[in-house]
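Please keep the structure open in your viewer and follow the charged side chains from one stop to the next.

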Amino acid sequence: MADNLQISLRHCHSLAEFEQCVAVQKSVWGFADADLIPLRFFVVAAKIEGQVIGAFDASGQMAGFCLAVPALRGSTVYLHSHMLAVLPAFRRSGLGRRLKLEQRRDALERGIRLIEWTFDPLEWKNARFNLNRLGAIARRYVPNQYGISSSPLHRGLPTDRLVVEWWLDSPCVATLAQGGTAAPPAVQQQVTAPLDVLEGDPQTGLSIADVQTRLRDEFQQAFASGLAAVGFEIRNATGSYLLAPSA
């Protein structure tokens with residue numbers, strides 16, 4: 001694990017910095033060239049008041065970045081955070097959280113209260129990070145949002161995604177951002193999955209595709225009934241999404 005204290009964060013503006021974003025993206029996901037977000041998109045995101053925030057080590061090499069673009073739903077202006085990448089040498093150092101908190105600080109400074117992004121519900125570590133550590137919620141499930149991907153991380157499965165809402169000035173988010181502990185949610189329902197299957201070493205006879213199909217059905221039913229995913233916990237080798245009534 002690299003020393004996160006030596007990492008500085010700044011908004012990216014130069015072509016050389018955007019080139020590093022593309023290189024980090026390719027290293028993390030292993031995308032074929034056709035699936036890569038190109039340099040021009042990073043340029044556009046920066047020009048239209050989005051966010052291209054880079055994390056750099058003392059030598060000026062990029063350790064990670066986050067990318068967001070302005071978005072509009074009805075009269076609500078928000079940011080869609082499309083990508084966050086951290087190189088393997090810098091993981092488990094808190095750098096991902098630092099990047100998200102810098103996104104939050106910058107957005108609030110501009111009067112933006114909401115950042116959204118998507119994540120794979122099969123990735124339980126992302127679930128715990130997004131819901132427990134950041135205080136985001138999810139109440140939308142999109143089957144196969146991006147089509148079948150060339151990244152080996154996506155295992156050839158449909159790219160089903162939960163849509164995360166991060167309400168930046170909510171009491172829960174503000175408390176967690178300051179290092180505090182949020183009040184436990186009023187859990188009404190759970191959506192569960194065996195961790196051995198999620199981690200690619202199934203002992204139960206289930207395939208990852210079986211689990212994805214079940215999660216899709218259960219999430220869609222729960223969200224249709226007015227529930228939201230508000231947390232994630234692990235008990236007895238089982239990962240559980242915690243669902244509570246949506247505000």
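How many salt bridges does the structure hold? In this predicted model, the structure holds 14 salt bridges, and the tour below visits some of them.

Begin by selecting arginine 73 and glutamate 116, whose side chains meet in a salt bridge with an N to O distance of 3.0 Å. Arginine 73 belongs to strand S3 (residues 62–73) and glutamate 116 to strand S5 (residues 114–119), so the pair ties together parts that lie 43 residues apart in sequence.

Next, select arginine 110 together with aspartate 106, where the side chains meet in a salt bridge at 2.8 Å, N to O. Here arginine 110 counts as partly exposed at 32% relative accessibility, while aspartate 106 is buried at a relative accessible area of 8%.

Finally, move to arginine 216 and aspartate 160, whose side chains form a salt bridge at 2.6 Å, N to O. This pair links distant parts of the chain, 56 residues apart, with arginine 216 in helix H7 (residues 208–224) and aspartate 160 in the loop between strand S6 (137–142) and strand S7 (161–167). Is aspartate 160 buried or exposed? Aspartate 160 is buried, with a relative accessible area of 0%, which places it under the 20% cut-off used for that word.

How values were computed
Residues numbered from 1 in each chain as written. Predicted model: local features only at pLDDT ≥ 70, side-chain atom pairs only at ≥ 80, totals over all residues. Heavy atoms only, no water. Salt bridge = Lys/Arg side-chain N within 4 Å of Asp/Glu carboxyl O. Helix = DSSP H or I, 4+ residues; strand = E, 2+ residues; numbered from the N terminus. Buried < 20%, exposed > 50% of the residue type's maximum accessible area, 1.4 Å probe, protein only.
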